[in-house]
Amino acid sequence: RRVRGAALAALSRLGATREERNAAVVASLCSMGQLSRAELLPLAEANFRAIRFDRLKREDLASALGSEGGGGLAARTQPCSLGACDAFLSHSWHDPEAPKWAALCSWARRFEAEEGRPPTLWLDRACIDQSRIADSLPCLPVFVAGCKTLLVLAGPTYASRLWCTSETLPRH
């Protein structure tokens with residue numbers, strides 16, 4: 001226990017912010033030991049992307065079937081520094097798109113009124129390389145921590161989707 005505690009303490013000193021370092025520790029545990037915290041943080045930093053709200057369309061929130069979906073979604077993203085993305089968008093792909101889109105538009109309008117610019121979002125289908133999903137999944141806790149806020153668009157199936165609820169864990 002003492003050695004494990006010392007190792008975790010040493011690992012927690014790496015990274016940009018305390019939250020990102022803690023998320024990297026969680027991510028290394030989630031990777032079942034395949035990647036260390038020291039490997040995960042640079043991997044997450046290199047692959048972190050965001051999409052501006054004004055580059056999204058309602059149909060981008062439709063069912064995940066067909067992966068990439070609507071018109072080059074990934075091509076509308078941009079590289080982003082950890083901590084610079086405004087919101088991690090958590091939702092269930094099984095919920096209808098219309099209510100999610102309405103809630104997102106309402107939030108984005110308030111954000112833009114306060115900040116004078118459209119928000120940047122982390123959206124899984126857009127920001128994870130769909131041809132290498134497994135490579136990005138261990139980075140998920142760091143991606144959540146790398147956003148300024150967690151925006152949950154909870155529909156009828158959200159709470160029953162383990163993946164959705166696991167996205168909220170790194171913030172607690």
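Which residues does Ser-136 touch, not counting residues up to four places away in sequence? In this predicted model, Ser-136 touches Ile-128 and Phe-143, where contact means heavy atoms within 4.5 Å. Ser-136 lies in helix H6 (residues 133-136); helices (H or I, at least four residues) and strands (E, at least two) are DSSP runs, numbered from the N terminus. Ser-136 is also buried, at 9% relative accessible area (buried is under 20%, exposed over 50% and partly exposed in between, with a 1.4 Å probe and protein chains only).

A word on how the model was read. Residues are numbered from 1 along each chain as its sequence is written, and side-chain values use heavy atoms, with hydrogens and water left out. Since the model is predicted, local features need pLDDT of at least 70 and side-chain atom pairs count only at pLDDT 80 or more, while totals for chains, interfaces and linings use all residues. The protein chain has a mean pLDDT (the predictor's confidence in each residue, from 0 to 100) of 77, and 66% of its residues reach 70 or more. Over residues 3-14, pLDDT stays under 50. Where pLDDT is low, the predicted coordinates should not be read in detail.

Next comes helix H4 (residues 97-115). The buried residues of H4, including Trp-101, Leu-104 and Trp-107, pack against strands S3 (85-91), S4 (120-122) and S5 (147-153). Just after H4, Gly-116 takes a positive phi of about 75 degrees.

Searching the whole structure turns up 5 aromatic pairs (ring centres of Phe, Tyr and Trp, the last by its six-membered ring, within 6.5 Å; planes under 30 degrees apart are stacked, over 60 edge-to-face and the rest tilted). Phe-53 and Trp-101 are stacked, 5.5 Å centre to centre with 20 degrees between the planes. Phe-53 sits in the loop between S1 and strand S2 (78-79) and Trp-101 in H4, so this pair ties together parts 48 residues apart in sequence. The pair of Trp-122 and Phe-143 is tilted, because the planes are at 35 degrees, with ring centres 5.6 Å apart.
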